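Have a look at the structure first, then read on.

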Amino acid sequence: AAMQAHPLVAGVQENGCRALGNVCLGGDAAALARKQRAADAGGIEVAVAAMQAHPLVAGVQENGCRALGNVCLGGDAAALARKQRAADAGGIEVA
């Protein structure tokens, strides 16, 4: 909610992407569930939007890439769908 409420505040975007990336770290069943929950909540799109809004802020770019990487990591059908969702949201262009 904070990232959506303050899209032009780079610090909020950087820390939001950092938090998203940290929450989605891991490959166990609980982490896979967190990744899907984050995607279902719009985490992919909000990370891409942060990177688009702050192209020159290294911290936003670094943490946005980490967040996208962690949310999309995996080889199961759900992960493949998250990867496509990230691509559709503009994740390829911002990375």
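The count of salt bridges comes to 3, a salt bridge being a side-chain nitrogen of Lys or Arg within 4 Å of a carboxyl oxygen of Asp or Glu. Keep in mind that this is a predicted model, where local features need pLDDT of at least 70, side-chain atom pairs count only at pLDDT 80 or more, and totals for chains, interfaces and linings use all residues. Residues are numbered from 1 along each chain as its sequence is written, and side-chain values use heavy atoms, with hydrogens and water left out.

**Salt bridges**

- Arg 85 pairs with Glu 45, with 2.7 Å between the closest N and O atoms.
- Arg 85 sits in helix 6 and Glu 45 in helix 4, so this pair ties together parts that are 40 residues apart in sequence (helices are DSSP runs of H or I, at least four residues, numbered from the N terminus).
- Glu 14 and Arg 18 form a salt bridge at 3.1 Å, N to O; both belong to helix 2, 4 residues apart, or about one turn of the helix.
- Arg 66 and Glu 62 make a salt bridge too, at 3.3 Å between the closest N and O atoms, and both are in helix 5, again 4 residues apart.
- Arg 66 is partly exposed at 35% relative accessibility, and so is Glu 62 at 46% (buried is under 20% relative accessible area, exposed over 50%, partly exposed in between, using a 1.4 Å probe and protein chains only).

**Asn 63**

- Leaving out residues up to four places away in sequence, Asn 63 touches Glu 14, Cys 17 and Arg 18, where contact means heavy atoms within 4.5 Å.

**Helix 4**

- Buried residues of helix 4 (residues 43-53) include Ile 44, Val 48 and Met 51.
- Among the elements covering the buried residues of helix 4 are helix 2 (10-23), helix 3 (29-40) and helix 6 (77-89).

**Cysteines**

- The whole structure has 0 disulfides, a disulfide being a pair of cysteine sulfur atoms within 2.5 Å.
- Cys 24 is in no disulfide, and its nearest cysteine sulfur, that of Cys 72, is 9.3 Å away.
- Cys 24 is buried at 0% relative accessibility, and Cys 72 is buried at 10%.

Note on methods:
Helices (H or I, at least four residues) and strands (E, at least two) are DSSP runs, numbered from the N terminus.
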